[in-house]
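Dear colleague,

I am passing the structure below on to you, and after it I set out what was found. Please read the notes with the structure open beside them.

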Amino acid sequence: MARYELVKRSVALITLTNPPVNALSSAVRHGIAKTMERALSDPKVTAVVICGENGRFCGGADIREFAGPLRGPPLVPLLDSIEAGEKPVVAAIEGVALGGGLELALFCHYRIAHFKARLGLPEVTLGILPAAGGTQRLPRLIGIPAALELITTGRHVSAQEALKLGIVDQVTEQNACEVAVEFALRAVAKPLSSRRLSSLTTPCPPNLDALLEAVTMQIQKKARGVMAPLACVQAVRAAATMPYSQGIKRESELMATLFNSGQARALQYCFFAERTAGKWTLPSGAQWNDIKPREIRSAAVIGLGTMGRGIAVSLARVGIPVIAVESDKKLLETGRQMVIGMLERDAKRRGVSASHNLLKFTLGLQDLKDVDLVIEAVFEDMALKKSVFRELSKVCRPATLFCTNTSGLDVDALAGVTDRPQLVIGMHFFSPAHVMKLLEVVCGPRSSSEIVATAMSLGKRMGKVSVAVGNCPGFVGNRMLKPYSDQATFLLEEGATPEQIDKALEDFGFAMGVFRMSDLAGLDVGWRVRKESGLTGPDVDPKNPPRRRQGRKYCPIPDMVCEQGRFGQKTGRGWYMYDKPGGTKAKPDPLIQNLIEMYRNRYGIQPRNITDQEIIERCLFALANEGFRILEDGIAARPEDIDVIYLFGYGFPRHRGGPMFYASMVGLQRVLERLEHYHQAHPDVPHLEPSPLLKKLVACGSPPVQKWREHIKTMHSHL
Ligand SMILES: CC/C=C/CC(=O)SCCNC(=O)CCNC(=O)[C@H](O)C(C)(C)COP(=O)(O)OP(=O)(O)OC[C@H]1O[C@@H](n2cnc3c(N)ncnc32)[C@H](O)[C@@H]1OP(=O)(O)O
């Protein structure tokens, strides 16, 4: 786990060998202890270089080991011996030095980085803090403001920025290990006292308290209820106000509180869930690591509305030539200007030049005859989409892959009108498509493994977190959204206000409550879907009892809001009022309150006091309950996939892990009991009836989320 060699006759070269990222597992820590002891005690050795195998220095602690008891030597005393030694130790940083990896480098006397290396202390993203001296040593090296920013955000920096900040001593374009060996030889005769960070005083800004206060407020505003960044601020304060030995003690006390917290478990779960989600499997046995994706050299996007524009930008900025199609000249010109503007702003932000030359705009589908892949992003209307796909079958070469960006329509029905159903798949982007990281790859029953592999790989190339899901109305994300938002509107009827519900959800950690999110997305979209599915509008059978549709409870308040032309932010009015159409600052609107009161009076509903706990339980347990049904139906393969969809597509708070992980943290037994309770009170709301899978898991002793799959795998799969 750590290889020892003598190079240049007097330099001990210690190589960490734990692929793929040389994480500091207990075996690696043992390896470092043994090899360092050998280097420090061998009189032939005058200097030491530490590097990592396969061009990666070290990705930090082995996160998998966090779930069990600590084994192997603790890192800090081990690293103390490195720093205290009289032989210069140089870290040769290639690839990454992250978390414990950077902390290891900070115990070395010198650091050489390859120009492509990335460095950082991302512990905060895992719900912990850099507790191998990172919070005490980095401020001593680069000062409080810069260290505070890096430690509280977990941001990675490039080698060049690390040099500017003073984290590394040299950046090289050559082999960092060879450069470090030469550097170590030159350092042999030099005094080491100033290189021992623990002996330095932290350079302190005069306005320390104000700075820490400002950062604390910023964190509380941005990451409501998240513990780790606040603990990081306290640890950095200790670096500024305490001697090193006491600071280290404070660091470890703060770490102890964080380490066993539910937030740390949730964030570490998210880290692995995100990586698991890319590993798709189909019922045929085909899977992510044995099917070769097709190379996509050109693409087309049909429809330059909000979604189409974002998709075109996402493709062009990763170097894929795009032909963008619109149906009339005016729309094409507007789309063209918008796409170019977006591409330019994006390029400016990333400090690169905009790839205009990759874009072509046209009115004719016949221009798509040679493209490798088409993404249809026209209006959400089945008849229109079918006609587009029929046309495409006529003009495109037989090998062209067809994708639809529908947010919930039947992908297989679209495949059925083409001459190549096996080459049709859903690529459901989220708005704005060039910003949002989630991509649902919707596999129809006839989608070939090759097109699944290609869509997943294209998603990755575009920087998306792609999740393969099955084909059903709303797929995973939007299907689950329905019971969640239905509960919110039922709560309105019963006595809550939009702002009360939103506040409860935002206090829970959502970026936006359900009503503010609907205002942002546009209320007319859901209204149109409800009209098309016969839930509202002139086609509704007048014999329907009020507040019931299709045999279940129905709340028409969202329709009443739309009937007044209130479509959300874009019209300046929705569940809230805004200062102007397109405005973003939401204010409660007395007209909405009146509308709800009139509605309650009409139906004789006596409003009652609703607690935040009821809001959270009804909205989130209904959400997770639908997740269990989705798992039963085989629409998602794993609970991790559902959680990743909610984290990246719906603003679910990461420190809660996602709806399925949250349910497991609350306790499946408790979720079941509360659903039973609410279902008894609302028997006409089927979404509150506990799903069979939830009952089954409770009957099996509520296994941890990672084990649910064992209880699902015999079930039918649509993936
Ligand atoms: C000992 C003192 C305590 C210190 C605290 C810490 O150090 S906490 C850990 C801090 N480090 C991190 O947060 C880094 C986490 N890793 C990454 O950000 C990325 O993996 C990477 C290093 C930037 C590499 O990214 P890349 O996209 O190239 O690969 P993947 O992310 O797909 O990872 C490949 C596989 O490696 C697993 N893995 C990565 N890092 C760790 C880790 N620190 N511990 C355990 N496992 C790790 C990852 O899960 C992938 O595994 P697969 O099985 O292949 O999915």
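Ala131 counts as partly exposed because its relative accessibility is 22%, where buried means under 20% relative accessible area, exposed means over 50% and partly exposed lies in between, computed with a 1.4 Å probe on protein chains only. Please keep in mind that this is a predicted model, in which local features need pLDDT of at least 70 and side-chain atom pairs count only at pLDDT 80 or more, while totals for chains, interfaces and linings use all residues. Residues are numbered from 1 along each chain as its sequence is written, and side-chain values use heavy atoms, with hydrogens and water left out.

Ala131 sits in the loop between strand 7 and helix 4 (134-142); helices (H or I, at least four residues) and strands (E, at least two) are DSSP runs numbered from the N terminus. If neighbours within four places in sequence are set aside, Ala131 is in contact, meaning heavy atoms within 4.5 Å, with Val76, Glu103, Glu251 and Met255. Between Ala131 and Gln263 there are 132 residues in sequence and 17 Å in space, taken from C-alpha to C-alpha.

Strand 5 pairs with strand 7 (residues 118-120) in the parallel sense over 3 bridges, and Ala97 stands opposite Leu119 in strand 7.

As for the cysteines, a search of the whole structure finds 0 disulfides, a disulfide being a pair of cysteine sulfur atoms within 2.5 Å. Cys396 is in no disulfide, and the nearest cysteine sulfur, that of Cys403, is 11 Å away; Cys396 counts as buried because its relative accessibility is 6%. The sulfur of Cys472 is too far for a bond, because the closest cysteine sulfur, in Cys443, is 12 Å from it, and Cys472 is buried, with a relative accessible area of 12%.

With kind regards

Definitions and conventions. Two strands pair if DSSP finds at least two bridges between them.
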